[in-house]
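Reader: Hi! I'm new to this one, could you walk me through it?
Author: Happy to, let's look at it together.

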Amino acid sequence: MKEFIFKPFGEMTETDYETVGFKSGLEIHQQLYTDKKLFCHCPAGIYSDNYDAEILRHMRPTLSELGVYDGTALMEFKTKKEIIYRINRNTVCTYEMDDTPPFLINEDALDIALGIAL
Ligand SMILES: [Zn+2]
């Protein structure tokens, strides 16, 4: 293993990043103008301050497909973070309540996201 000596950001090279094992990604959250939601068939874009039910949830870490726990889920579990879901019967389904896996991806949303990414 190569030794890495700390240096200012402007002096970092690709080799330095490889040495420290640095990996980075960018996650963007943005609602897209589609008829349906991303991973289910519920209508998208319907908002209201009215809701039919509230559900209190606590994060429960589970192993990912790679056999590791998500760090954020672990931290929220340790802090006993409470998350309140306000649901509207017209725009919620079993997927949003984490009762079923995601359905097939909304192809329109995928096209828009790929366009933005490109
Ligand atoms: Zn849904």
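**Walking through the chain**

Author: Let's start with a pair of residues: Arg 57 stands opposite Ile 83 in β2. This is a predicted model, where local features need pLDDT of at least 70, side-chain atom pairs count only at pLDDT 80 or more, and totals for chains, interfaces and linings use all residues. Residues are numbered from 1 along each chain as its sequence is written.

Reader: Thanks! Which residue stands opposite Ile 84 in β2?

Author: That is Leu 56.

Reader: And in what sense do β1 and β2 pair, and over how many bridges?

Author: β1 and strand β2 (residues 82-87) pair in the antiparallel sense, over 6 bridges. Two strands count as paired if DSSP finds at least two bridges between them.

Reader: How many helices and strands are there in the chain?

Author: The chain has 3 helices and 2 strands. Starting from the N terminus, the elements run α-β-α-β-α. Helices (H or I, at least four residues) and strands (E, at least two) are DSSP runs, numbered from the N terminus.

Reader: What about helix α2?

Author: Helix α2 (residues 71-78) is hardly covered: among its 8 residues the count of buried ones is 0. For the chain, buried residues make up 2% of the 118 residues.

Reader: What comes just after α2?

Author: Just after α2 there is Lys 80, which takes a positive phi of about 55 degrees. That is a positive value in a residue other than glycine. Lys 80 has its place in the loop between α2 and β2.

Reader: Why does Lys 80 count as exposed?

Author: Because Lys 80 has 8 C-beta neighbours inside 10 Å.

Reader: Let's change topic. What radius of gyration does the chain have?

Author: The chain has 20 Å, but a compact globule of 118 residues would have a radius of gyration near 13 Å. The radius is taken over C-alpha atoms, and the globule rule is 2.2 Å times the number of residues to the power 0.38. Along its principal axes, the C-alpha trace spans about 55 × 40 × 30 Å.

Reader: And which domains does the assignment give?

Author: It gives domain 1 (28-47 + 88-118) and domain 2 (53-87). Those bounds come from an automatic or database domain assignment. The C-alpha centres of domain 1 and domain 2 lie 20 Å apart.

Reader: Where is Tyr 47 found, then?

Author: Tyr 47 is found in the loop between α1 (14-20) and β1 (53-58). Tyr 47 counts as exposed because it has 9 C-beta neighbours inside 10 Å.

Reader: Which loop is the place of Lys 23?

Author: Lys 23 also sits in the loop between α1 and β1. Lys 23 is exposed, with 6 other C-beta atoms within 10 Å. C-alpha to C-alpha, Lys 23 and Arg 60 are 26 Å apart in space, and they are 37 residues apart in sequence.

Reader: How about Glu 18, buried or exposed?

Author: Glu 18 is exposed, with 11 other C-beta atoms within 10 Å. Glu 18 is found in helix α1, and its C-alpha atom is separated by 42 Å from that of Ala 44, 26 residues apart along the chain.

Reader: Last one: where in the chain is confidence lowest, and where is it highest?

Author: Confidence is lowest in α2, at a mean of 85, and highest in helix α3 (residues 107-117), at 93. The chain averages a pLDDT of 88, and 99% of the residues score at least 70. pLDDT is the predictor's confidence in each residue, from 0 to 100.

Note on methods: A residue is buried if 20 or more other C-beta atoms lie within 10 Å of its own, exposed if 12 or fewer, and partly exposed in between; C-beta atoms are placed from the backbone.
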